[in-house]
Amino acid sequence: MPGLWISMGVIAALLVATLGIAYWCYRQAFYFSDADKHVDPRRFFGAKNSEFCHRPMLELVDALEAVPFERVCITSRDGLRLYGRLYRFSERNRVEILFHGWRSSGIRDASGGAKIARDTGYNLLIVDQRAHGDSEGNTITFGILEKYDCIDWVRFVVSRFGEDVQILLGGVSMGAATVFMAAGLDELPPQVVAVTGDCGYSSPEAIIRKVCRDRGIPDRLGYPFLALGARLFGHFSLKDGGAVEAVTHTKIPVMIMHGEADDFVPFEMCREIYNACASEKKLLAIPNAGHGLAYFYDTDRYVSEVAAFKKQAFK
């Protein structure tokens with residue numbers, strides 16, 4: 001009998017330890033507190049050899065902050081109030097919806113895209129993804145639930161601009177993964193004419209495993225705790241597909257932009273997405289560019305090719 005009690009105590013201790021580690025992993029990867037989620041759009045994340053990007057990025061942010069916008073809101077399928085900024089740059093019935101990255105801000109990540117929208121002549125909706133900015137929630141799901149938020153934002157734009165509106169989806173990093181994942185859904189409204197994504201990852205599982213390795217933790221050891229934390233405390237599964245799987249189902253044009261020196265989301269991931277894409281597709285690879293910085297490393301080429309793709313999509 002004493003041996004049984006000892007065994008039960010060991011099992012209980014292991015269970016408590018497992019749950020504790022899983023909860024810590026959830027907080028590190030997927031939880032964003034109300035106090036932290038209003039990210040300063042002028043904050044620079046310190047990518048290697050990227051100091052020259054600081055000034056032009058701040059100028060883009062300041063320029064966008066000076067533009068009037070309408071604050072808009074929808075309710076997600078799980079009851080969260082999600083907010084965005086609607087910019088009227090054109091009388092033409094064309095709108096791009098832009099999604100920012102993990103623990104970032106729309107004003108920062110969409111600042112270059114906003115300039116392209118103004119110069120090219122279409123309207124822009126920059127959203128605060130769930131658990132970011134003014135939007136409610138504290139759990140980030142790496143595109144797994146965000147892709148449905150994307151569909152609901154599209155429906156909002158259709159309701160506001162009419163059935164004949166043309167819509168582009170765009171995103172950076174997690175935002176790119178989000179729009180790629182949304183592009184593969186059967187419920188994607190027909191008003192969406194194309195998708196662009198800058199430095200998106202191939203799947204939530206793949207990027208989580210890669211970050212584990214970056215931190216010196218073998219992914220075969222760290223990933224199970226992260227997956228358990230996501231399931232128990234975030235109520236989502238990291239196995240629920242990803243960009244590579246989604247683009248095998250899409251029927252609309254897709255443009256992928258990525259810096260070849262990206263040390264956070266490896267360039268190889270964009271190759272995976274590109275190779276899997278079943279529709280018309282274009283890949284813009286920018287040499288030497290780090291994560292989310294392709295726009296700044298070769299601005300002329302980036303703007304020229306992205307603007308041309310979007311003009312063609314709107315036609």
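Reply: Happy to. A word on the ground rules: this is a predicted model, in which local features need pLDDT of at least 70 and side-chain atom pairs count only at pLDDT 80 or more, while totals for chains, interfaces and linings use all residues. Residues are numbered from 1 along each chain as its sequence is written, and side-chain values use heavy atoms, with hydrogens and water left out.

Let's settle on strand β7, residues 254-259. Strands here are DSSP runs of E with at least two residues, helices are runs of H or I with at least four, and both are numbered from the N terminus. Six of the six residues of β7 are buried, so the strand is largely enclosed by the rest of the structure. Buried means under 20% relative accessible area, exposed means over 50%, and partly exposed lies in between, with a 1.4 Å probe and protein chains only. In a regular strand, side chains alternate between the two faces of the sheet. For β7, Val-254, Ile-256 and His-258 are buried on one side, and Met-255, Met-257 and Gly-259 are buried on the other.

What does β7 pair with? Two strands count as paired if DSSP finds at least two bridges between them. Strand β6 (residues 192-198) runs parallel to β7 and is joined to β7 by four bridges, with Val-195 opposite Val-254. Strand β8 is also parallel to β7, through six bridges, and here Ile-256 faces Leu-283. Together, β7, α10 and β8 make a right-handed β-α-β unit; right-handed means that, with the strands pointing away from the viewer, the path from the first strand over the helix to the second runs clockwise.

The loop between α10 (267-276) and β8 (281-286) holds Ser-279, which counts as buried at 12% relative accessibility. Ser-279 touches Thr-250, Lys-251, Ile-252, Pro-253 and Val-254, leaving aside residues up to four places away in sequence; contact means heavy atoms within 4.5 Å. A polar atom of the Ser-279 side chain lies 2.6 Å from the backbone oxygen of Ile-252.

For contrast, consider Lys-315, in the segment after α12 (299-314). Lys-315 is exposed, with a relative accessible area of 76%.

Elsewhere, helix α6 (residues 174-183) is another enclosed element: ten of its ten residues are buried, including Met-174, Val-179 and Phe-180. Phe-180 is also one of the residues touching the most other members of the largest nonpolar core, which has 42 residues. Such a core is a set of buried Ala, Val, Leu, Ile, Met, Phe, Trp, Tyr and Cys residues joined through side-chain atoms within 4.5 Å. Helix α5 (residues 146-161) gives the most to this core, with eight residues. Apart from it lies another core, of 35 residues, among them Cys-53, Leu-64, Phe-89 and Ala-313.

Finally, the cysteines: a disulfide is a pair of cysteine sulfur atoms within 2.5 Å, and by this rule the count is zero. The closest cysteine sulfur to that of Cys-25 is in Cys-212, 7.3 Å away and so too far for a bond. Cys-25 is buried at 9% relative accessibility, and Cys-212 is buried at 6%.

How values were computed:
Polar contact = N/O pair within 3.5 Å; in protein donor to acceptor, adjacent residues only side chain to side chain.
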